[in-house]
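Colleague: Hi! Could you walk me through this one? I'm still new to reading structures.
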Amino acid sequence: MIKLKDLLYEGKITSDVDRAAKKIGIKFKKKVKTKFTNDFTGVNEPGENVKYDSWMDMNPPDNYEDMGRDLISALDGKYVRMKPLKYSKGGGMIFRKNRKDPKTEFMITYARAFSGPYISFEGVHGQ
């Protein structure tokens, strides 16, 4: 049986990230990709197809680092910081809503690549 509380909080992470990004001025191009993994079922059990939200802003302004840090700061109060990501030309953060639930894990990344700067979000679809 589906509880009303579950319906209210479905998709909460993605809506929080989208809302915070719009306030900062980040315009994500939203895609959903499917990946076969056993991250959530266990090591010795068969894997499953999991849908991931893979959003990216490929044309942020020159202050993409500040915008990425602002997005991380905006999400800092609601979600638990798990691991900082450090790159030579950028960074990011791995968050979880529930420290013990790996399905609530998502990642915010900002960096400069060969094709230009980008800001990205990746997490399990529907969380």
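Modeller: Happy to! Strand S3, residues 80-87, pairs with S4 in the antiparallel sense, over seven bridges. Keep in mind that this is a predicted model.

Colleague: Switching topic: how much space lies in the largest pocket?

Modeller: About 220 Å³. Strand S4 (90-96), strand S5 (105-113) and strand S6 (116-124) are the elements that each give two or more residues to its lining.

Colleague: How do the lining residues divide into nonpolar, polar and charged?

Modeller: Seven are nonpolar, five are charged and one is polar.

Colleague: Okay, now glycine 126. Where does it lie?

Modeller: You'll find glycine 126 in the segment after S6.

Colleague: Why is glycine 126 called partly exposed?

Modeller: Because its relative accessible area is 36%, and partly exposed covers the range between the 20% cut-off for buried and the 50% cut-off for exposed.

Colleague: Last one: how far is glycine 126 from threonine 14?

Modeller: Their C-alpha atoms are separated by 7.6 Å, although the two residues are 112 residues apart along the chain.

Colleague: Thanks, that helps a lot!

Definitions and conventions: Residues numbered from 1 in each chain as written. Predicted model: local features only at pLDDT ≥ 70, side-chain atom pairs only at ≥ 80, totals over all residues. Heavy atoms only, no water. 1 Å grid on protein atoms, 1.4 Å probe; cavity = no way out; pocket = protein on both sides within 12 Å on 5 of 7 lines; lining within 4 Å. Points joined across faces, edges and corners; volume = space filled by probe spheres on them. Helix = DSSP H or I, 4+ residues; strand = E, 2+ residues; numbered from the N terminus. Nonpolar A, V, L, I, M, F, W, Y, C, P; charged D, E, K, R; others polar. Pairing = 2+ DSSP bridges. Buried < 20%, exposed > 50% of the residue type's maximum accessible area, 1.4 Å probe, protein only.
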